[in-house]
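I opened my notebook to look this structure up piece by piece. My entries follow in the order I made them.

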Amino acid sequence: MTTVPIGPIHPIFKEPLRIKLVLDGERPIDAEIEMGYVHRGIEKIMEGKHVHKGLYLAERVCGICSYVQSFTFIECVEKISKIEIPEKAKYLRILTCELERIHSHLLIIAMYCLSIEHETLGMWILNSRERIMDLLEMITGNRINTGYNILGGVRKDIDKEMITKIYNVLDKFEDEIKTIREAFETAPLVKLRSRDIGILKYFDIMKTRAVGPVARASGLENSDVRLRYKYYKELKTYKPVSRKEGDNFARNIVRFDEIEICIKMIREVLELYQEVGGPIREKCEIKGGEGENRFEAHRGELTYKMELTNHGFIKRIMIRTPTTMNLAAYRYMLKTCPTVADAVATYVSIDPCISCTEKTLYIVEDGKIKYIW
Amino acid sequence: MASPLWYLYIIKEKIKNIIDAKPNKSSYIPPDRYRKVPPILKYPKKCISCEACKESCPAFAIEMYYNNEYKKNLPNIDVDSCISCANCVEACPTGVLEIDKHRLETEGLFFYIPKSHTLMIDGEKCVLCGQCKEVCPIDIIIEKPDTYFIEVSKCISCKECYKTCPVGAIIILDEKTHKEKINRFFELKLKKSFGELDISEKINKIPHISKYICIKCGNCKEICPGEIDLNNYKVVNCLYCGYCLEVCPTGAIRTEVKIEAKNKEETYYINEDQCIGCRICYKVCKVNAIEISKEIKIPYIIPDKCVTCGLCAKKCPVDAITKVKKEVAEKTVKKRIIENKIIEIIENDIKEYTKKYGLVKDYLENILKNKILEELKKYVMEETKKIMGENGDKRKNN
């Protein structure tokens, strides 16, 4: 038995993390995951701050899905103080959220292609992702940390020129994504490196509570909070995607499928947006209380729990990000990885985001504290 | 190659290069919506130095500096730490700052103005002078029958009202004190969960909750070993441990209310020659600082009790009340106070004397009345015996 440490600094990791692989010959059997290199204590900083400042801090929890973090935060505040946002703002929020979902999924597929040494395909994907980033910049004003949400609505409105531009860009983007998907499905290299590797079985999900595309690739179709979210119930084009294989290939194909549905949803939302009128933000008063909000981030289920005082001061807050559960599922995927290189590729396929996940966490097994993250 | 035409050609090319070396301006101008441009001071003349922009900034990028040209404090925006959220543009009440076209788009809309400090008026301390309403630059303070009230969603927290309030009835709830209290709360709560909280008597009175400044954070409710009902602002069961007073971020839970004057050097003074004796000032004063002289029947102000709110001077119909230094007022007022005291002592003596006199009188009258009645009865009985005779008397008795 030998152990191979990977990280905390490694070319394939975007963020520092340490994985200790236990090997039998060349086969990885088990893994220990060590965290704590990018712990920032963001929940402790938020305590005592006003909601207006906490909103911008919540946006900086994650570097890739920053809009979803601020979306879930502000919806939680509005839920506690019973504020209803105007129709226009609702559609603009969905629009930005789905555009960000496309860019996040494309980024992680590109990273997966780089990790299995298919660099050409990775570069293609990153190239077409840039079209979506331009749209995000046009709508919100910024590429990543948008600062688009505000209490009771959104910051800026869009006009007719922008709507036609979004339609045109989406038409072009749809053609590109079709060719990319064909290349991904038919390429022999991708098939060799990702089919039947890193399988997560349906019953292992029950043990680890995996969420998001990882769970949906293993046959758990209902693991999608959008099914039960108030905004998405009226959209006709929205359908959850699922696959049954549960390997690396299925996880990426689920993401490709979701991108297609996202494009359809954006078109429907734009049509709905043009029908309604009125303001984009509303006057509101913050009331105290406790509350919780869940939303489907690009990686899986995201939860914000918080307690507010009157006039909007945060008393305490708890953030639960999806990678926490998916990293636990990673240990079960290792059993079907033949080599160390495949273990690394499997790690990338769960779409890990470490700086979101670095909260103080206790994992209890059999009445004992087994992991402290 | 060596011909002069060639050299001319090269010189011409070089000159053309130098002329063309200007940067292509259109490529440097950012697109319309690109917000990575910090806000600019567009109309510095309009600035009222209220620091609303500084309050609203989530990244601590704005600081106020004195400007010699305009002779007032102007905001200075640190470009490196600005996250271009446009909060300052929305918060500015006079429209000084600008980031692309955001000011024009949001002008006239009503929404929650972003800020980090909250100002509240404590209704139990408020003396209803109305100075805060006069000072407020954006007119958001409302008068209510028992107190003044700040509309929190519109407030820009410029703190002008806080500076002028004569009794310190306005409370600032800022993030720093809030965080300190929360940290203290978690410390105590940890102790409580382990059962190490020392519950011994530290205060004498049962504390009460002021409904005007309670923000319902629930700190006191969670730490209290007894019972607190926050919905009705009542302490139901008290063990006199005093932890709730330590933990409250606004000081809404307290044992006693003290109204103290900020300005201790000056006081108001009634000019007795101008006074017409209408006694409006006496009715208006909320701290009971005005008494009426018993010698000349004209009101005077006690300098130790006066909080210099100026409400009496405002209501006076003949402008007889003015602001003076305490020493000047004390000279004349002392005389009235001593006069009043002497008259009061005399009056009290007379009252007591009359009381005693009345008591003695009543006593005597009662005794006399009874005696007279008894004697009358005896007299009547004797007279009737004489008239009726012995026979008639016997029959009646049988």
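Which strands of chain A does helix 3 lie across? I found that helix 3 (residues 66–80) lies across strand 6 and strand 7 of chain A. Helix 3 runs at about 145° to strand 6 of chain A. For such angles, axes are lines fitted to C-alpha atoms, for helices over the stretch in contact, and angles run from 0 to 180 degrees between N-to-C directions. Helices (H or I, at least four residues) and strands (E, at least two) are DSSP runs, numbered from the N terminus.

I noted the ground rules next. This is a predicted model, where local features need pLDDT of at least 70, side-chain atom pairs count only at pLDDT 80 or more, and totals for chains, interfaces and linings use all residues. Residues are numbered from 1 along each chain as its sequence is written, and chains are lettered from A and ligands numbered from 1 in the order in which they are written.

**Entry: the sheet**

I looked up the sheet under that helix number. Three strands of chain A form an open sheet, ordered 6-7-8, with antiparallel pairing. Strand 6 (289–296) and strand 8 (314–320) each have a single partner strand, so one side of each is left without a neighbour in the sheet. On average, neighbouring strands here are turned by 10° against each other, direction ignored. I then checked one pairing: eight bridges join strand 6 to strand 7 (residues 301–308) of chain A. Two strands pair if DSSP finds at least two bridges between them. In strand 7, A:Lys305 is the bridge partner of A:Glu292.

**Entry: chain A as a whole**

I counted up chain A: it has 13 helices and ten strands. Its radius of gyration is 21 Å, close to the 21 Å of the globule rule for 373 residues, so chain A is as compact as a globular protein of that length. The radius is taken over C-alpha atoms, and the rule is 2.2 Å times the number of residues to the power 0.38. The C-alpha atoms fill a box of roughly 65 × 50 × 35 Å along the principal axes.

**Entry: where chain A touches chain B**

How many residues of chain A are in contact with chain B? I found 25, facing 23 residues of chain B. Contact means C-beta atoms, placed from the backbone, within 7 Å. Helix 2 (51–59) and helix 5 (119–140) of chain A each give two or more residues to this side. Helix 2 gives the most, with three residues.

Conventions. Contact = placed C-beta atoms within 7 Å.
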